[in-house]
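The following note concerns the packing of helices in the model shown below.

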Amino acid sequence: MPKRVDHAERRTEIAEALIRVAGRRGLHAVGMRDVAAEAGVSLRLVQYYFQTKEKLLLFGLEQLAERFGERVSARVRAAGDQPGPRAMVEALLMAALPTDDESRTFHHLYTSYAVLAVHDQALAAQPFIKNPDAAEDALTELLRQAQEATLLEPGVDARLEAVGLLAMSAGLGTSILVGQRSPESAVTVLDHHLNRIFRTGDEAG
């Protein structure tokens, strides 16, 4: 009896191959033939599951974005059973920094996709993060929770701070990738800005 093919698993395996080869060579240099070779399957099979390179890129990066979400969740769990707003904010921001192979690959490919999408209308029409404002909304809500608990300095605008912190995190991530600063230095910068908006223990008490 012929072995039953798990199509979802096969698509995921091909997407993982895309992520590996793109992480080494960059998205711009990856073709469907390269992905087929990396996955150990035929080009025809890759084309069967993903008719175009754009569809393959989109699915591969969606997989990567899901793993990033799992990474944030793991950091939140590591913060304890009932992490406070600051611990949750730190988990979200720190998870975005490229401090290991997986997070470096995510940051690298996310940036590469954004650059390619500037000139490729097919990519631009298919943003791989379904809700690009989700992180901003989540961070804003965490800061508002901290505000309600009088954990923030007076006059803090939760939405503006969320936008600024995410932009800072993205910029720091790029500076790590290009070797401008170390992950430890980037964490120090983020801590400095969180200390600016969060009240100290004595003040909060």
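1. Helix α4 and helix α6 cross in a left-handed sense. This description refers to a predicted model. The residues in contact on the α4 side are Leu58, Leu61, Leu64, Ala65, Arg67, Phe68 and Arg71, and those on the α6 side are Glu102, Ser103, Thr105, Phe106, Leu109 and Tyr113. By class, this contact of α4 with α6 comprises eight nonpolar, two polar and three charged residues.

2. The geometry of this pair may be stated as follows. Helix α6 spans residues 101-119, and its axis lies 10 Å from that of α4, at an angle of about 135°. Because angles over 145 degrees count as roughly antiparallel and 65 to 115 as roughly perpendicular, this angle makes α4 oblique to α6.

3. Helix α4 (residues 53-78) also meets helix α5 (residues 85-95): the two axes come within 9 Å and cross at roughly 140°. Here the crossing is right-handed. From α4, the contact involves Phe68, Arg71, Val72, Arg75 and Val76, while α5 contributes Met88, Ala91, Leu92, Met94 and Ala95. Eight nonpolar and two charged residues make up the contact of α4 with α5, with no polar residue.

4. Phe68 and Arg71 of α4 are listed in the contact with α6 and again in the contact with α5.

5. As to annotation, an unreviewed UniProt entry places the feature "domain: HTH tetR-type" at residues 8-68. Over that range the chain is 80% helix and 0% strand, and the C-alpha atoms at its ends are 20 Å apart.

Key: Residues numbered from 1 in each chain as written. Predicted model: local features only at pLDDT ≥ 70, side-chain atom pairs only at ≥ 80, totals over all residues. Heavy atoms only, no water. UniProt positions renumbered as here; feature names shortened; annotations may be inferred. Helix = DSSP H or I, 4+ residues; strand = E, 2+ residues; numbered from the N terminus. Axes fitted to C-alpha atoms, helices over the stretch in contact; angles between N-to-C directions. Left-handed = near helix turned anticlockwise from the far one by under 90°. Contact = heavy atoms within 4.5 Å. Nonpolar A, V, L, I, M, F, W, Y, C, P; charged D, E, K, R; others polar. Parallel < 35°, antiparallel > 145°, perpendicular 65-115°, else oblique.
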